[in-house]
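I opened the notebook to record what I could look up in this structure. I began with the charges, then turned to the overall shape and to a few local spots.

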Amino acid sequence: MRIALNAVGEVGTRTGLVLLAERSLAALGIYGGGHLGSDRRAIRITGLAGYDVFVTDDPESAPLAAIAVEDGLSCVVTTSVPAAIAGRFAAAGLTLLTNADVRGLAATLAAHETAGLEGVVRVAAAWTVPGKALRRGVGVGLPDPVGARWGRTVEGGTEVPIAGTWAGAAVTVSGTLGGRPTERLIGVADQRDHLEALALAAGAIAVASGSYGPGVHVPSDDAAAYLGAALGAGLGVAAYTA
């Protein structure tokens with residue numbers, strides 16, 4: 001796989017380092033700023049010709065997604081992209097993967113766990129965001145060192161503000177398996193920039209491997225492929241089944 005990376009912050013730089021550890025990577029082109037050391041597969045580029053996937057941690061990703069589709073590359077971003085730009089990917093036979101971040105990781109964990117149950121009764125997903133910790137709200141248990149926190153209900157689950165350098169995501173799924181009631185808890189926690197980088201790099205690897213077809217996708221659309229890429233990149237997962 002040949003991946004072009006636009007790194008505007010620490011998450012992007014760490015994404016590049018994660019990708020350089022991927023055995024199937026043939027070349028990593030650094031488009032724009034950023035510096036990834038002396039690895040011969042990481043080269044400075046001014047154009048995207050010859051690459052398969054364009055990846056960026058830029059929160060203003062729409063202009064870069066437009067460049068990717070114009071130059072014939074699939075694209076992976078941490079945000080959503082306006083429909084006017086996103087719709088061009090399917091028409092071009094290309095893939096746009098949006099929301100490849102910790103929130104997307106939480107949604108993917110939920111999709112993966114519900115797929116393994118015969119009947120799902122309850123699904124609760126939570127993820128951290130930078131911010132001042134809450135003193136009340138929805139109680140959430142995340143793996144150490146994040147631990148128990150208060151969160152607030154938003155679309156898709158529970159958002160947990162947390163100060164400092166740590167981040168995490170957790171999912172609780174209740175249902176039936178083999179005719180028996182089952183509750184499954186699964187979570188991840190790591191240094192924030194590294195966890196965000198793993199989430200973005202996993203998306204890049206999955207898209208470059210052909211796991212997502214043409215059009216607009218989120219990581220949970222192929223939970224097995226995305227989590228497989230994340231685990232292969234070094235994601236550590238804690239799980240408990242009752």
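Charges. I looked up the mean positions of the 17 positive and 21 negative charges of the protein chain, and they are 7 Å apart. For this I counted Lys and Arg as positive and Asp and Glu as negative, leaving out His and the chain ends, and I placed each charge at NZ of Lys, CZ of Arg, CG of Asp or CD of Glu.

Ground rules. I note that this is a predicted model, in which local features need pLDDT of at least 70 and side-chain atom pairs count only at pLDDT 80 or more, while totals for chains, interfaces and linings use all residues. Residues are numbered from 1 along each chain as its sequence is written, and side-chain values use heavy atoms, with hydrogens and water left out.

Overall shape. I found 6 helices and 14 strands in the protein chain, taken as DSSP runs numbered from the N terminus (H or I, at least four residues, for helices; E, at least two, for strands). The radius of gyration is 18 Å, close to the 18 Å that the globule rule gives for 242 residues, so the chain is as compact as a globular protein of that length; the radius is taken over C-alpha atoms, and the rule is 2.2 Å times the number of residues to the power 0.38. I also noted that 50% of the 242 residues count as buried, where buried means under 20% relative accessible area with a 1.4 Å probe, protein chains only.

Aromatic rings. I found 1 aromatic pair in the structure, with ring centres required to lie within 6.5 Å and planes over 60 degrees apart counted as edge-to-face. Tyr31 and Phe54 form this edge-to-face pair, at 5.5 Å centre to centre and 85° between the planes. The pair links distant parts of the chain, with Tyr31 in strand β2 (residues 27–31) and Phe54 in strand β4 (residues 53–56), and both residues are buried.

Helix α2. In helix α2 (residues 62–70) I listed Ala62, Leu64, Ala65, Ala66, Ala68 and Val69 as the buried residues. These pack against β1 (2–6), β4, β5 (74–76) and α3 (83–91), with contact meaning heavy atoms within 4.5 Å. Gly72 follows α2 and has a positive phi, near 85°.

Gly104. I located Gly104 in helix α4 (residues 102–115), where Gly104 is buried with a relative accessible area of 8%. Leaving aside residues up to four places away in sequence, Gly104 touches Asn99 and Pro219.

Methods: Rings of Phe, Tyr and Trp (its six-membered ring) pair if their centres lie within 6.5 Å; planes under 30 degrees apart count as stacked, over 60 as edge-to-face and the rest as tilted.
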